[in-house]
Each structure stands twice: as structure tokens, then as C-alpha cells.
Amino acid sequence: MKRIFSGVQPTGTIHLGNYLGALRNWVALQNEYESFFCIVNLHAITTRQDAKLLARNTLELARLYLAVGIDPSVSTIFIQSDVAEHAELTWILNCVARMSELERMTQFKDKARKQRENLGVGMFDYPVLMASDILLYQTDLVPVGEDQKQHLELTRDLAIRFNRDYGETFRLPEPFIPKVGARIMSLSDPSNKMSKSDEDANGCVGLLDDADTIQRKFKRAVTDSGTDIKFDASRPAITNLLTIFQLLTGQAPGQIEAHFAGKGYAQLKQEVADDTWEFLEPVQKRVQAIDDKELKGILEQGAARARGIAAATLETVKEKLGLRA
């Protein structure tokens with residue numbers, strides 16, 4: 001089987017956009033690929049974190065992986081910091097990467113404009129750690145959002161350069177970007193992606209939000225001018241709500257537009273809220289049913305399997321570089 005790798009940071013609120021844009025696809029792909037799903041806590045510390053909160057969020061995210069349908073009997077679930085090879089390969093790839101390449105990364109440039117003096121080296125080097133995550137597992141396919149596509153291109157460039165200079169070592173990963181739902185937008189500002197760091201809490205629906213909170217957030221969701229409820233790129237607020245409805249119900253766009261014909265925005269918001277809670281209620285019950293002992297066992301087994309594959313890749317890299325006498 002070909003291999004797939006992806007991960008989410010254990011910071012902030014894991015939200016509906018994370019599920020619809022990423023986790024949902026992992027669940028669908030896990031039986032088609034040998035799957036490695038990581039909790040990328042080393043990426044999280046590129047900004048300062050409260051240690052206890054980070055540890056708690058890491059386990060909470062692992063529970064959510066399981067609760068939404070990632071099956072540890074077919075997928076490898078592990079915590080990034082439990083596999084030291086991620087950090088070691090990052091240093092090696094730092095010696096392959098170019099400063100100019102990292103300076104061109106859009107996310108770094110955006111953050112540098114806002115806080116140049118206080119920006120840590122880890123934020124600059126973030127894409128190289130991401131490349132190490134992927135290349136360690138000889139990954140064939142990487143589910144990514146549009147905002148991460150540039151980082152995957154860098155990953156491929158580093159792999160090509162290493163293979164050229166030291167001999168064939170790394171597979172070249174391909175992106176998997178879903179045709180629908182790759183970017184779920186904020187409910188309060190549909191020009192921006194739904195985000196854990198959204199300044200307006202009403203813009204982001206958390207996977208652990210209760211029913212009343214979900215109803216309130218969708219009720220307050222911004223809308224576009226006009227009255228028609230149709231998929232239309234020029235009306236991003238309504239299209240975002242319809243996309244969420246489409247992904248949760250599995251209905252086709254034409255079927256959805258026919259369903260909402262003649263109905264108002266209030267009806268649309270209510271139905272999207274209802275379908276969201278219908279999906280999230282059993283997820284939350286599954287989260288509560290996973291005890292710590294079971295969870296830690298799954299993570300330990302996942303780390304052991306991941307470590308075996310990562311160590312083999314790193315050993316090959318060291319031999320190619322002359323780091324093994």
C-alpha cells in the first residue's frame with residue numbers, strides 16, 4: 001500500500017474546519033493507504049505554550065482523532081515528540097535547505113511583517129520540520145489545505161536536492177487537496193479561514209462545543225446581500241454555510257439548492273446548526289468514553305511503530321551523508 005502522513009497541532013480549539021478540511025478525509029483515506037496521523041506538538045512550540053495546557057490538549061486531540069473515526073487498528077496514531085527522529089532529520093535538512101527558500105514562505109512573511117523582532121527561529125524553520133515529518137515515513141500522499149501547499153512544494157524540493165546530491169533516498173510526496181471543503185471559512189468573516197486563533201469566538205465552531213453554543217454561533221453567522229440560497233463564489237458567506245451543509249449531509253449542490261429554494265437565511269442557519277450538532281453529539285460521547293489508559297496504550301504503540309520506520313529512514317540518510325563510519 002502507498003503511505004499517507006498528516007498531522008494537526010494540539011493548540012487552541014479543534015474546530016469544524018479541522019474536521020471537514022482534514023480529519024474527515026483522513027477517515028476516508030485510512031483504508032486505502034498505510035496511514036500515519038501525528039499530533040504535531042513540536043510545531044506547536046514555535047510559539048510559547050503553557051506546558052500543562054499543551055500536554056492536556058495533546059491527549060484531547062488524540063481522543064478526537066479516535067472519536068471522529070480514525071481506527072488505531074489500521075492507522076498509526078502518535079505524538080511527534082515521542083519520535084526523536086523528527087528533530088534529528090530536521091537538523092540534517094536544515095543543512096540542505098536555503099535561507100532564501102524559507103524567506104519566501106508566505107506564512108513566515110505574514111508573521112514577520114507583524115512581529116519581526118519577536119519572531120522565533122522555530123517559526124522560520126517550521127517548513128523544514130514539516131518536511132522531516134513527511135519524508136521520514138517515505139510518504140506518498142499528504143492531505144493538506146491550500147495554505148500548506150507551498151510547504152509541501154518545499155518538501156519535494158528538499159527531497160529532490162538530497163536525492164540528487166547523495167543518491168536516491170526519499171520518495172517524492174504528492175498533495176491531496178479535497179475538491180470540496182479544503183477551506184472552511186470563519187462564520188464571522190468569510191474572507192478568512194476558520195481558525196483556532198480567530199479574534200471573534202463566534203467565527204469558529206469547536207468540535208467540543210455544546211448544542212446551545214453551536215446554535216448561537218450559526219445564528220450569528222454573517223450573510224451576503226440578496227436572498228437566494230445558492231452556491232456562488234461571489235457570495236462567500238452563504239457558500240460557506242452551504243459547503244458545511246453539503247459535507248455534513250452528503251447531498252449534491254443541486255439537491256441542496258432545491259431544498260432551500262424559497263427559504264430564508266434563518267432556515268439555512270438553523271438546519272446547518274442542527275446537522276452540525278447531530279454529527280458532533282456522538283463524537284463528544286465517544287471522546288468521553290475513551291479512558292487515559294486505553295489512550296496512552298494506543299499512543300505508545302503508535303510511537304513504537306512510527307519510530308521503527310523513522311529510524312530506518314534516518315539510518316539510510318546518515319549512511320548517505322557519511323555520518324556512519
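**Exercise 1.** Which backbone oxygen lies 3.4 Å from a polar atom of the side chain of His 15?

*Solution.* Before starting, note that this is a predicted model, in which local features need pLDDT of at least 70 and side-chain atom pairs count only at pLDDT 80 or more, whereas totals for chains, interfaces and linings use all residues. Residues are numbered from 1 along each chain as its sequence is written, and side-chain values use heavy atoms, with hydrogens and water left out.

Next, follow the side chain of His 15 to the backbone oxygen of Met 194, which lies 3.4 Å from one of its polar atoms. Finally, the side chain of His 15 also reaches the backbone nitrogen of Gly 17, at 3.0 Å.

**Exercise 2.** Decide whether His 15 is buried or exposed.

*Solution.* Take the cut-offs first: buried means under 20% relative accessible area, exposed over 50%, and partly exposed in between (1.4 Å probe, protein chains only). His 15 has 4% relative accessibility and therefore counts as buried.

**Exercise 3.** Find which residues Phe 218 is in contact with, leaving aside its neighbours within four places in sequence.

*Solution.* Contact means heavy atoms within 4.5 Å. By this rule, the partners of Phe 218 include Leu 16, Leu 187, Val 205, Leu 241 and Lys 269.

Note on methods:
Polar contact = N/O pair within 3.5 Å; in protein donor to acceptor, adjacent residues only side chain to side chain.
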